[in-house]
Amino acid sequence: MNRQYTKECLLKYIDDVKRKYRFAQDGYEYHFDDEIQPFLLEADALASFIESLPTDRYFNDSTRLKLSKQITELAMACHKKELKPRLYNEKIKFINMWFNYFINKEII
């Protein structure tokens, strides 16, 4: 099942990650079954969709796989207080850059 994603879906993922990370850094402890697992399922679906996108000169196969992996890794890591700000910032920047690329190129 491969659902279609919109610009709003991509931006919502980014907003959700930022919010979850901020709460985790403030000490909130997420419950796996009720809060983390549903978000992981959403991230997996988004990552699968990203893997189905066509490649071009800039968005090549290796970038596509790296982006997919970053989406799923960050979806889990953003719930943990132990995620270092530097690593979080690198991941969110990379994902956001490619989401903006898709939006600007009207791929999504």
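The largest nonpolar core holds 35 residues, among which Y13, I50, L67, I71, F99 and F102 touch the most other members. Helices α1 (7-25), α2 (32-52), α3 (61-77) and α4 (85-104) each supply at least two residues of this core, and α4 gives the most, with nine. The model is predicted.

**Core contacts**
- Residue I71, one of the core members that touch the most others, contacts Y13, A43, L46, A47, I50, I95 and F99 when residues up to four places away in sequence are not counted.

**Packing of α2 and α3**
- Two packed helices are described by the angle between their axes and the distance between the axes.
- For α2 and α3, the angle is about 175° and the axes lie 9 Å apart.
- Angles over 145 degrees count as roughly antiparallel, and α2 and α3 are therefore roughly antiparallel to each other.
- On the α2 side, the contact is formed by I36, F39, L40, A43, D44, L46, A47, I50, E51 and S52.
- These meet R64, L65, L67, S68, I71, T72, A75 and M76 in α3.
- By class, the residues of this contact divide into 12 nonpolar, three polar and three charged.

**Backbone at E106**
- Most residues other than glycine have a negative phi.
- E106 has a positive phi of about 55° although it is not a glycine.
- This residue is placed in the segment after α4.
- E106 is exposed, because its relative accessible area is 71% and the cut-off for exposed is over 50%.

Definitions and conventions:
Residues are numbered from 1 along each chain as its sequence is written. This is a predicted model: local features need pLDDT of at least 70, side-chain atom pairs count only at pLDDT 80 or more; totals for chains, interfaces and linings use all residues. Side-chain values use heavy atoms; hydrogens and water are left out. A nonpolar core is a set of buried Ala, Val, Leu, Ile, Met, Phe, Trp, Tyr and Cys residues joined through side-chain atoms within 4.5 Å. Buried means under 20% relative accessible area, exposed over 50%, partly exposed in between (1.4 Å probe, protein chains only). Helices (H or I, at least four residues) and strands (E, at least two) are DSSP runs, numbered from the N terminus. Contact means heavy atoms within 4.5 Å. Axes are lines fitted to C-alpha atoms, for helices over the stretch in contact, and angles run from 0 to 180 degrees between N-to-C directions. Angles under 35 degrees count as roughly parallel, over 145 as roughly antiparallel, 65 to 115 as roughly perpendicular and the rest as oblique. Ala, Val, Leu, Ile, Met, Phe, Trp, Tyr, Cys and Pro count as nonpolar, Asp, Glu, Lys and Arg as charged, and the others, Gly among them, as polar.
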